[in-house]
Amino acid sequence: MEGDEKRWRVETVGEVWRVDDEWWRQPISRRYVEVVLEGGKHTVIFEDLNSGHWFMQSI
Amino acid sequence: MLQSDLAVCAWIPLFPLRCEEGRRPDLASRPTALLSLEDTRRVWIVSPLARRMGVRPGVTVSQAIGLCPPLVLLEPDPVWYDEQFAHLLLALSRVSPVIEPAELGRAYVGVDGLEGLYGGPERVMAEIAAAAAEAGEAAADLVPVSSAAPAASPASAARLGWGRGKFTAWVAATRAKPGEFVIVADEGRLEFLASQPVAALPLDPDTHRRLYQLGLKTLGDLTTLPEDAVTSQFGRLGRLVWRLAAGLITDPVMGREVPEPITAALDFPTPIADRVILANTMDKLVERALKSPRRTGWRVHIVRARAALEQGASWLIEITLKDPSADQHRLAAPLKARLEQAPPTGAVERLAVEFTAFAPGTTELQLFACDAESAARAGRRQALRAAVHEIKTRLKRSTLYHVIEVHPWSRLPERRYALIDYEP
(Lines give C-alpha, C1' and ligand atoms only; values in the text may rest on other atoms or scores of the structure.)
Protein backbone atom coordinates (compact mmCIF):
# COMPACT_ATOMS: atom_id res chain seq x y z
CA MET A 1 0.00 0.00 0.00
CA GLU A 2 1.38 3.47 -0.92
CA GLY A 3 0.69 6.87 0.58
CA ASP A 4 2.03 10.30 -0.42
CA GLU A 5 5.59 9.49 0.42
CA LYS A 6 5.23 6.29 2.34
CA ARG A 7 4.77 2.62 1.64
CA TRP A 8 3.27 0.06 3.95
CA ARG A 9 3.13 -3.69 3.62
CA VAL A 10 -0.34 -5.12 4.21
CA GLU A 11 -0.27 -8.22 6.36
CA THR A 12 -3.94 -9.11 6.49
CA VAL A 13 -7.08 -7.93 4.78
CA GLY A 14 -10.03 -7.94 7.17
CA GLU A 15 -13.63 -6.99 6.56
CA VAL A 16 -14.74 -5.42 3.30
CA TRP A 17 -17.99 -3.42 3.08
CA ARG A 18 -19.68 -0.93 0.83
CA VAL A 19 -21.49 2.31 1.66
CA ASP A 20 -23.89 3.97 -0.76
CA ASP A 21 -25.44 7.12 0.63
CA GLU A 22 -26.79 10.57 -0.12
CA TRP A 23 -28.01 9.48 -3.56
CA TRP A 24 -30.49 12.39 -3.40
CA ARG A 25 -27.74 15.04 -3.61
CA GLN A 26 -24.10 14.13 -4.29
CA PRO A 27 -24.07 10.36 -4.33
CA ILE A 28 -21.47 8.73 -2.14
CA SER A 29 -20.26 5.30 -3.09
CA ARG A 30 -17.39 3.75 -1.21
CA ARG A 31 -15.79 0.38 -0.73
CA TYR A 32 -14.20 0.10 2.69
CA VAL A 33 -11.44 -2.37 3.52
CA GLU A 34 -10.08 -3.06 6.95
CA VAL A 35 -6.41 -3.99 6.81
CA VAL A 36 -3.65 -4.88 9.24
CA LEU A 37 -0.31 -3.33 8.31
CA GLU A 38 3.13 -4.64 8.92
CA GLY A 39 3.86 -4.14 12.59
CA GLY A 40 0.26 -4.87 13.58
CA LYS A 41 -1.35 -1.48 12.96
CA HIS A 42 -5.05 -1.62 12.12
CA THR A 43 -6.38 0.82 9.57
CA VAL A 44 -9.38 1.36 7.36
CA ILE A 45 -8.98 2.41 3.75
CA PHE A 46 -11.69 3.10 1.22
CA GLU A 47 -12.06 3.46 -2.50
CA ASP A 48 -14.25 6.28 -3.74
CA LEU A 49 -16.14 4.38 -6.42
CA ASN A 50 -17.14 7.61 -8.17
CA SER A 51 -13.59 8.90 -8.65
CA GLY A 52 -11.62 5.70 -8.31
CA HIS A 53 -9.31 7.27 -5.71
CA TRP A 54 -8.25 5.52 -2.53
CA PHE A 55 -8.22 7.14 0.90
CA MET A 56 -6.98 6.17 4.30
CA GLN A 57 -9.68 6.67 6.90
CA SER A 58 -7.73 6.05 10.07
CA ILE A 59 -4.44 4.75 11.31
CA MET B 1 -33.72 38.59 57.51
CA LEU B 2 -33.76 41.91 55.63
CA GLN B 3 -36.76 42.50 53.45
CA SER B 4 -38.32 45.16 51.27
CA ASP B 5 -41.75 45.42 49.65
CA LEU B 6 -40.61 47.86 47.01
CA ALA B 7 -38.44 46.01 44.55
CA VAL B 8 -36.22 46.75 41.62
CA CYS B 9 -35.50 43.90 39.26
CA ALA B 10 -32.16 44.08 37.45
CA TRP B 11 -32.35 41.74 34.50
CA ILE B 12 -29.76 40.92 31.86
CA PRO B 13 -31.34 38.51 29.40
CA LEU B 14 -29.07 35.78 28.00
CA PHE B 15 -26.52 36.62 30.68
CA PRO B 16 -24.02 33.82 29.86
CA LEU B 17 -24.01 34.88 26.23
CA ARG B 18 -23.48 38.51 27.23
CA CYS B 19 -20.51 37.40 29.35
CA GLU B 20 -19.01 35.65 26.31
CA GLU B 21 -19.56 38.79 24.24
CA GLY B 22 -17.78 40.71 26.98
CA ARG B 23 -14.72 38.54 26.39
CA ARG B 24 -15.05 38.38 22.61
CA PRO B 25 -16.77 41.49 21.26
CA ASP B 26 -16.77 40.05 17.71
CA LEU B 27 -19.45 37.57 18.83
CA ALA B 28 -22.04 40.32 19.14
CA SER B 29 -22.39 40.50 15.37
CA ARG B 30 -22.40 36.74 14.77
CA PRO B 31 -25.04 34.07 15.38
CA THR B 32 -23.88 32.35 18.54
CA ALA B 33 -25.00 29.48 20.74
CA LEU B 34 -23.71 28.03 23.98
CA LEU B 35 -23.54 24.27 24.31
CA SER B 36 -25.51 22.62 27.07
CA LEU B 37 -23.63 21.92 30.30
CA GLU B 38 -25.11 18.46 30.69
CA ASP B 39 -25.21 17.36 27.07
CA THR B 40 -22.72 18.96 24.69
CA ARG B 41 -24.68 17.60 21.72
CA ARG B 42 -27.40 20.15 22.41
CA VAL B 43 -27.43 23.90 22.51
CA TRP B 44 -28.38 25.72 25.70
CA ILE B 45 -28.61 29.45 25.00
CA VAL B 46 -29.06 31.00 21.60
CA SER B 47 -28.29 34.56 20.51
CA PRO B 48 -31.08 36.60 18.87
CA LEU B 49 -29.25 36.39 15.51
CA ALA B 50 -29.15 32.60 15.67
CA ARG B 51 -32.75 32.49 16.85
CA ARG B 52 -33.76 34.54 13.82
CA MET B 53 -32.25 31.78 11.68
CA GLY B 54 -34.40 29.19 13.41
CA VAL B 55 -32.04 27.86 16.08
CA ARG B 56 -33.82 27.17 19.37
CA PRO B 57 -32.46 26.18 22.79
CA GLY B 58 -32.45 22.40 23.18
CA VAL B 59 -31.94 21.50 19.52
CA THR B 60 -29.03 19.24 18.67
CA VAL B 61 -25.78 20.70 17.39
CA SER B 62 -26.30 19.07 13.99
CA GLN B 63 -29.78 20.60 13.68
CA ALA B 64 -28.42 23.97 14.77
CA ILE B 65 -25.61 23.90 12.19
CA GLY B 66 -28.07 22.73 9.55
CA LEU B 67 -30.35 25.68 10.30
CA CYS B 68 -27.56 28.21 10.63
CA PRO B 69 -24.23 27.18 8.99
CA PRO B 70 -22.25 30.24 10.26
CA LEU B 71 -23.30 29.49 13.86
CA VAL B 72 -20.51 30.00 16.41
CA LEU B 73 -20.70 27.27 19.04
CA LEU B 74 -19.14 27.92 22.41
CA GLU B 75 -18.47 25.71 25.36
CA PRO B 76 -20.12 27.16 28.48
CA ASP B 77 -17.94 28.58 31.23
CA PRO B 78 -20.25 28.66 34.26
CA VAL B 79 -17.57 29.76 36.69
CA TRP B 80 -16.85 32.85 34.58
CA TYR B 81 -20.58 33.70 34.34
CA ASP B 82 -20.89 33.28 38.05
CA GLU B 83 -17.97 35.60 38.70
CA GLN B 84 -19.50 38.23 36.45
CA PHE B 85 -22.80 37.93 38.24
CA ALA B 86 -21.06 38.24 41.60
CA HIS B 87 -19.58 41.55 40.38
CA LEU B 88 -23.06 42.79 39.61
CA LEU B 89 -24.39 41.67 43.01
CA LEU B 90 -21.49 43.33 44.79
CA ALA B 91 -22.11 46.60 42.95
CA LEU B 92 -25.84 46.47 43.70
CA SER B 93 -25.14 45.81 47.37
CA ARG B 94 -23.45 49.22 47.52
CA VAL B 95 -26.79 50.84 46.70
CA SER B 96 -28.98 48.71 48.97
CA PRO B 97 -28.25 46.11 51.63
CA VAL B 98 -31.26 44.05 50.51
CA ILE B 99 -30.20 41.98 47.51
CA GLU B 100 -31.82 38.77 46.38
CA PRO B 101 -30.19 36.92 43.48
CA ALA B 102 -32.87 35.03 41.53
CA GLU B 103 -30.89 33.36 38.73
CA LEU B 104 -27.85 34.15 36.61
CA GLY B 105 -28.54 37.58 35.17
CA ARG B 106 -31.53 38.43 37.37
CA ALA B 107 -31.41 39.95 40.84
CA TYR B 108 -33.80 41.94 42.99
CA VAL B 109 -32.84 45.02 44.94
CA GLY B 110 -34.94 46.05 47.93
CA VAL B 111 -35.50 49.81 47.71
CA ASP B 112 -37.71 50.53 50.74
CA GLY B 113 -36.45 53.76 52.30
CA LEU B 114 -33.86 54.49 49.63
CA GLU B 115 -35.89 57.42 48.34
CA GLY B 116 -34.99 59.25 51.54
CA LEU B 117 -31.33 58.69 50.73
CA TYR B 118 -31.17 59.32 47.00
CA GLY B 119 -34.41 61.12 46.05
CA GLY B 120 -37.36 59.89 43.96
CA PRO B 121 -37.61 56.51 42.20
CA GLU B 122 -35.86 57.92 39.12
CA ARG B 123 -32.83 58.89 41.22
CA VAL B 124 -32.74 55.49 42.91
CA MET B 125 -32.95 53.80 39.51
CA ALA B 126 -30.14 56.00 38.24
CA GLU B 127 -28.01 54.90 41.22
CA ILE B 128 -28.74 51.24 40.49
CA ALA B 129 -28.03 51.70 36.78
CA ALA B 130 -24.73 53.41 37.67
CA ALA B 131 -23.84 50.55 40.01
CA ALA B 132 -24.58 48.02 37.26
CA ALA B 133 -22.42 49.99 34.85
CA GLU B 134 -19.64 50.11 37.44
CA ALA B 135 -19.87 46.33 37.78
CA GLY B 136 -19.49 46.15 34.03
CA GLU B 137 -16.34 48.26 34.13
CA ALA B 138 -14.89 46.08 36.88
CA ALA B 139 -15.69 43.01 34.82
CA ALA B 140 -14.15 44.54 31.71
CA ASP B 141 -10.89 44.97 33.64
CA LEU B 142 -10.84 41.22 34.15
CA VAL B 143 -11.33 40.35 30.51
CA PRO B 144 -8.31 38.39 29.29
CA VAL B 145 -5.81 40.49 27.39
CA SER B 146 -6.38 38.51 24.20
CA SER B 147 -9.43 40.61 23.34
CA ALA B 148 -8.10 43.68 21.61
CA ALA B 149 -11.38 45.56 21.18
CA PRO B 150 -13.02 47.17 24.19
CA ALA B 151 -15.39 44.69 25.77
CA ALA B 152 -19.10 45.41 26.10
CA SER B 153 -19.96 44.48 29.65
CA PRO B 154 -22.97 42.28 30.32
CA ALA B 155 -24.15 44.75 32.96
CA SER B 156 -24.47 47.54 30.42
CA ALA B 157 -27.36 45.59 28.91
CA ALA B 158 -29.24 45.54 32.25
CA ARG B 159 -32.94 46.28 32.13
CA LEU B 160 -34.40 47.66 35.33
CA GLY B 161 -37.96 47.51 36.60
CA TRP B 162 -39.43 49.17 39.69
CA GLY B 163 -42.60 48.03 41.40
CA ARG B 164 -44.25 46.86 44.58
CA GLY B 165 -43.31 43.21 44.98
CA LYS B 166 -40.89 41.16 42.94
CA PHE B 167 -43.43 40.11 40.32
CA THR B 168 -44.36 43.67 39.35
CA ALA B 169 -40.67 44.64 39.31
CA TRP B 170 -39.84 41.66 37.10
CA VAL B 171 -42.65 42.40 34.64
CA ALA B 172 -41.56 46.04 34.55
CA ALA B 173 -37.96 44.94 33.78
CA THR B 174 -39.19 42.80 30.90
CA ARG B 175 -40.83 45.95 29.45
CA ALA B 176 -37.63 48.01 29.71
CA LYS B 177 -35.15 48.44 26.88
CA PRO B 178 -31.50 47.45 27.44
CA GLY B 179 -29.80 49.96 29.70
CA GLU B 180 -33.11 51.65 30.56
CA PHE B 181 -35.73 51.36 33.28
CA VAL B 182 -39.50 51.23 33.75
CA ILE B 183 -41.11 52.46 36.96
CA VAL B 184 -44.53 51.16 37.94
CA ALA B 185 -46.04 53.48 40.53
CA ASP B 186 -48.40 51.99 43.13
CA GLU B 187 -51.43 53.85 41.76
CA GLY B 188 -50.93 52.48 38.24
CA ARG B 189 -49.82 48.97 39.26
CA LEU B 190 -53.06 47.07 38.68
CA GLU B 191 -53.66 48.76 35.36
CA PHE B 192 -50.06 48.01 34.31
CA LEU B 193 -50.33 44.35 35.26
CA ALA B 194 -53.71 43.93 33.51
CA SER B 195 -52.21 45.08 30.20
CA GLN B 196 -49.27 42.65 30.30
CA PRO B 197 -49.16 39.44 28.26
CA VAL B 198 -49.67 36.13 30.07
CA ALA B 199 -46.12 35.22 28.96
CA ALA B 200 -44.96 37.30 31.96
CA LEU B 201 -46.33 34.65 34.34
CA PRO B 202 -43.88 32.13 35.77
CA LEU B 203 -45.38 29.11 34.00
CA ASP B 204 -44.09 26.24 31.91
CA PRO B 205 -44.54 26.44 28.10
CA ASP B 206 -47.42 23.92 28.12
CA THR B 207 -49.47 25.97 30.56
CA HIS B 208 -48.75 29.12 28.57
CA ARG B 209 -50.02 27.34 25.47
CA ARG B 210 -53.17 26.26 27.29
CA LEU B 211 -53.83 29.84 28.37
CA TYR B 212 -53.47 31.02 24.75
CA GLN B 213 -55.76 28.24 23.57
CA LEU B 214 -58.33 29.45 26.06
CA GLY B 215 -58.10 32.87 24.45
CA LEU B 216 -56.33 34.48 27.42
CA LYS B 217 -53.78 36.92 26.06
CA THR B 218 -53.22 39.34 28.92
CA LEU B 219 -53.18 39.21 32.70
CA GLY B 220 -56.34 41.32 32.57
CA ASP B 221 -58.06 38.57 30.52
CA LEU B 222 -57.06 36.07 33.18
CA THR B 223 -58.39 38.11 36.08
CA THR B 224 -61.77 38.63 34.40
CA LEU B 225 -62.31 34.92 35.07
CA PRO B 226 -63.31 33.92 38.59
CA GLU B 227 -60.34 32.87 40.73
CA ASP B 228 -62.06 29.54 41.50
CA ALA B 229 -62.47 28.73 37.81
CA VAL B 230 -58.76 29.28 37.13
CA THR B 231 -57.88 27.24 40.20
CA SER B 232 -60.07 24.35 39.07
CA GLN B 233 -58.39 24.38 35.62
CA PHE B 234 -54.78 24.80 36.68
CA GLY B 235 -54.73 23.75 40.34
CA ARG B 236 -52.66 25.48 42.98
CA LEU B 237 -50.43 27.07 40.34
CA GLY B 238 -53.55 28.56 38.74
CA ARG B 239 -54.50 30.18 42.01
CA LEU B 240 -51.01 31.59 42.43
CA VAL B 241 -50.85 33.09 38.93
CA TRP B 242 -54.39 34.49 39.20
CA ARG B 243 -53.41 36.27 42.41
CA LEU B 244 -50.14 37.50 40.88
CA ALA B 245 -52.02 38.78 37.83
CA ALA B 246 -54.60 40.50 40.03
CA GLY B 247 -51.82 42.20 41.99
CA LEU B 248 -52.88 40.53 45.24
CA ILE B 249 -49.43 39.13 45.88
CA THR B 250 -46.62 41.56 46.58
CA ASP B 251 -43.73 39.21 47.29
CA PRO B 252 -41.00 41.14 49.12
CA VAL B 253 -37.30 41.09 48.29
CA MET B 254 -35.59 38.94 50.90
CA GLY B 255 -32.01 39.95 51.57
CA ARG B 256 -29.61 38.20 53.87
CA GLU B 257 -27.64 39.60 56.74
CA VAL B 258 -23.96 39.88 55.88
CA PRO B 259 -22.13 37.38 58.10
CA GLU B 260 -20.08 38.51 61.06
CA PRO B 261 -16.31 38.29 60.51
CA ILE B 262 -15.00 34.73 60.40
CA THR B 263 -11.71 33.94 62.10
CA ALA B 264 -9.49 30.88 62.06
CA ALA B 265 -6.41 30.97 64.28
CA LEU B 266 -3.54 28.78 65.40
CA ASP B 267 -1.31 29.08 68.48
CA PHE B 268 2.21 27.80 67.92
CA PRO B 269 3.69 25.84 70.87
CA THR B 270 7.04 27.45 70.06
CA PRO B 271 7.24 30.81 68.21
CA ILE B 272 7.81 30.40 64.46
CA ALA B 273 9.92 32.62 62.24
CA ASP B 274 10.17 30.31 59.23
CA ARG B 275 8.19 31.91 56.37
CA VAL B 276 7.50 28.58 54.67
CA ILE B 277 5.78 27.26 57.78
CA LEU B 278 3.85 30.52 58.16
CA ALA B 279 2.73 30.39 54.52
CA ASN B 280 1.57 26.79 54.90
CA THR B 281 -0.27 27.71 58.07
CA MET B 282 -1.99 30.57 56.23
CA ASP B 283 -3.16 28.10 53.60
CA LYS B 284 -4.64 25.84 56.24
CA LEU B 285 -6.29 28.72 58.10
CA VAL B 286 -7.87 30.07 54.90
CA GLU B 287 -9.16 26.57 54.16
CA ARG B 288 -10.59 26.26 57.67
CA ALA B 289 -12.22 29.70 57.58
CA LEU B 290 -13.79 28.95 54.20
CA LYS B 291 -15.46 25.90 55.68
CA SER B 292 -17.36 27.98 58.21
CA PRO B 293 -21.10 27.46 57.67
CA ARG B 294 -21.64 31.22 58.00
CA ARG B 295 -19.64 31.71 54.81
CA THR B 296 -22.04 29.63 52.68
CA GLY B 297 -23.47 31.72 49.87
CA TRP B 298 -20.95 34.52 50.35
CA ARG B 299 -17.65 35.34 48.73
CA VAL B 300 -14.85 36.92 50.68
CA HIS B 301 -14.12 40.52 49.84
CA ILE B 302 -11.58 41.49 52.51
CA VAL B 303 -9.19 39.02 54.09
CA ARG B 304 -6.75 39.76 56.87
CA ALA B 305 -3.87 37.91 58.45
CA ARG B 306 -2.67 38.97 61.86
CA ALA B 307 0.00 37.61 64.09
CA ALA B 308 0.93 37.99 67.73
CA LEU B 309 4.70 38.19 67.92
CA GLU B 310 7.16 37.46 70.67
CA GLN B 311 7.59 40.25 73.19
CA GLY B 312 4.05 41.50 72.66
CA ALA B 313 4.45 43.01 69.18
CA SER B 314 1.91 42.37 66.42
CA TRP B 315 1.72 42.16 62.64
CA LEU B 316 -1.26 42.74 60.36
CA ILE B 317 -1.90 42.62 56.63
CA GLU B 318 -5.20 43.25 54.89
CA ILE B 319 -6.11 42.42 51.31
CA THR B 320 -9.17 43.75 49.51
CA LEU B 321 -9.94 41.47 46.64
CA LYS B 322 -10.98 43.20 43.46
CA ASP B 323 -12.73 40.00 42.52
CA PRO B 324 -14.37 38.56 45.67
CA SER B 325 -13.74 34.87 45.86
CA ALA B 326 -14.51 31.68 47.71
CA ASP B 327 -11.47 29.96 46.28
CA GLN B 328 -8.77 28.96 48.75
CA HIS B 329 -5.88 29.64 46.40
CA ARG B 330 -7.14 33.07 45.36
CA LEU B 331 -7.53 34.11 48.97
CA ALA B 332 -4.26 32.68 50.23
CA ALA B 333 -2.03 33.78 47.33
CA PRO B 334 -2.08 37.56 48.01
CA LEU B 335 -1.61 36.94 51.75
CA LYS B 336 1.44 34.80 51.06
CA ALA B 337 2.81 37.35 48.59
CA ARG B 338 2.49 40.06 51.23
CA LEU B 339 4.11 37.75 53.79
CA GLU B 340 7.12 37.49 51.47
CA GLN B 341 7.28 41.27 50.89
CA ALA B 342 6.70 42.43 54.45
CA PRO B 343 7.24 39.56 56.87
CA PRO B 344 6.65 39.85 60.63
CA THR B 345 9.52 41.46 62.48
CA GLY B 346 9.77 38.64 65.00
CA ALA B 347 8.78 35.05 65.64
CA VAL B 348 5.04 34.38 65.54
CA GLU B 349 3.23 32.97 68.57
CA ARG B 350 -0.26 33.09 67.15
CA LEU B 351 -1.43 33.43 63.54
CA ALA B 352 -5.01 34.22 62.57
CA VAL B 353 -6.80 34.62 59.24
CA GLU B 354 -9.96 36.71 59.22
CA PHE B 355 -12.62 37.30 56.61
CA THR B 356 -14.02 40.73 57.43
CA ALA B 357 -16.14 41.70 54.41
CA PHE B 358 -18.24 39.61 52.10
CA ALA B 359 -19.92 39.88 48.74
CA PRO B 360 -23.04 37.93 47.91
CA GLY B 361 -22.54 34.71 46.01
CA THR B 362 -25.16 33.00 43.93
CA THR B 363 -27.03 29.74 44.16
CA GLU B 364 -25.22 28.69 41.00
CA LEU B 365 -21.91 29.27 42.71
CA GLN B 366 -22.96 27.11 45.60
CA LEU B 367 -23.95 24.39 43.21
CA PHE B 368 -20.52 24.45 41.67
CA ALA B 369 -18.64 24.92 44.89
CA CYS B 370 -20.54 22.19 46.76
CA ASP B 371 -19.93 19.68 44.06
CA ALA B 372 -16.32 18.66 44.43
CA GLU B 373 -16.24 17.19 40.96
CA SER B 374 -17.54 20.40 39.45
CA ALA B 375 -14.99 22.39 41.41
CA ALA B 376 -12.25 20.15 40.06
CA ARG B 377 -13.68 20.59 36.58
CA ALA B 378 -13.63 24.35 37.02
CA GLY B 379 -10.01 24.15 38.11
CA ARG B 380 -9.10 22.06 35.10
CA ARG B 381 -10.90 24.49 32.84
CA GLN B 382 -8.93 27.34 34.35
CA ALA B 383 -5.65 25.50 33.79
CA LEU B 384 -6.72 24.69 30.26
CA ARG B 385 -7.59 28.32 29.60
CA ALA B 386 -4.13 29.39 30.73
CA ALA B 387 -2.50 26.75 28.52
CA VAL B 388 -4.57 27.78 25.50
CA HIS B 389 -3.72 31.41 26.08
CA GLU B 390 -0.05 30.47 26.16
CA ILE B 391 -0.32 28.51 22.90
CA LYS B 392 -2.17 31.33 21.18
CA THR B 393 0.40 33.84 22.34
CA ARG B 394 3.23 31.72 20.99
CA LEU B 395 1.67 30.64 17.71
CA LYS B 396 -0.37 33.83 17.11
CA ARG B 397 -3.39 31.72 16.22
CA SER B 398 -5.47 28.99 17.73
CA THR B 399 -4.65 25.49 16.66
CA LEU B 400 -6.96 23.87 19.15
CA TYR B 401 -10.35 22.45 18.40
CA HIS B 402 -13.17 20.96 20.36
CA VAL B 403 -14.61 17.68 19.09
CA ILE B 404 -18.40 17.74 18.99
CA GLU B 405 -20.53 14.72 18.23
CA VAL B 406 -22.75 15.66 15.31
CA HIS B 407 -24.10 12.52 13.58
CA PRO B 408 -22.82 9.68 15.75
CA TRP B 409 -24.99 7.23 13.83
CA SER B 410 -23.62 8.20 10.39
CA ARG B 411 -22.19 5.41 8.24
CA LEU B 412 -19.58 7.87 7.03
CA PRO B 413 -17.02 8.16 9.83
CA GLU B 414 -16.02 11.74 8.99
CA ARG B 415 -19.63 12.88 9.46
CA ARG B 416 -19.83 11.67 13.06
CA TYR B 417 -17.86 14.51 14.62
CA ALA B 418 -17.19 18.14 13.91
CA LEU B 419 -14.36 20.38 15.05
CA ILE B 420 -15.16 23.78 16.46
CA ASP B 421 -12.60 26.39 17.45
CA TYR B 422 -11.63 25.93 21.06
CA GLU B 423 -12.09 29.31 22.73
CA PRO B 424 -12.01 28.76 26.47
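Predicted model: local features only at pLDDT ≥ 70, side-chain atom pairs only at ≥ 80, totals over all residues.
Two residues are taken to be in contact here when they have heavy atoms within 4.5 Å of each other.

I begin with the meeting of the two chains. On this criterion, chain A contributes 10 residues to the contact and chain B contributes 5 residues. The size of an interface is often given as the accessible area lost when the parts come together. For chain A and chain B, that buried area is about 600 Å², and carbon and sulfur atoms supply 42% of it. Within chain A, the residues that lose the most area to chain B are A:V19, A:R30 and A:Q57, which together account for 46% of what that side buries.

What holds polar groups together across this boundary? The rule finds 1 salt bridge between chain A and chain B. Its partners are A:R30 and B:E414, with the closest N and O atoms 2.6 Å apart. There are also 2 residue pairs in polar contact across the interface.

Which elements of chain A give two or more residues to the side that touches chain B? They are strand 1, residues 10–21, and strand 2, residues 28–37. Strand 1 of chain A gives the most, with 4 residues.

I turn now to the sheets of chain B. Strands of a sheet pair through backbone hydrogen bonds, either parallel or antiparallel.

One open sheet in chain B has 5 strands in the order 6-7-2-8-9, with mixed pairing. Its edges are strand 6 (99–103) and strand 9 (181–183), each pairing on one side only. From one strand to the next, the twist averages 20°. Strand 6 runs antiparallel to strand 7 (106–110) of chain B, and 4 bridges join them; B:P101, for instance, has B:A107 in strand 7 as its bridge partner. Helix 7 of chain B, residues 166–175, lies across strands 2, 6, 7, 8 and 9, at about 145° to strand 8.

Another open sheet in chain B has 4 strands in the order 11-14-12-13, and its pairing is antiparallel. Strand 11 (262–272) and strand 13 (314–325) are the edge strands, and the twist averages 15° from one strand to the next. Strand 11 is joined to strand 14 (348–360) by 7 bridges, and B:I272 stands opposite B:V348 of strand 14. Helix 13 of chain B, residues 328–341, lies across strands 12, 13 and 14, running at about 140° to strand 13.

Thank you for your attention.

Notes:
Residues numbered from 1 in each chain as written. Chains lettered and ligands numbered in written order. Heavy atoms only, no water. Buried area = accessible area lost by both parts, 1.4 Å probe. Salt bridge = Lys/Arg side-chain N within 4 Å of Asp/Glu carboxyl O. Polar contact = N/O pair within 3.5 Å; in protein donor to acceptor, adjacent residues only side chain to side chain. Pairing = 2+ DSSP bridges. Axes fitted to C-alpha atoms, helices over the stretch in contact; angles between N-to-C directions.
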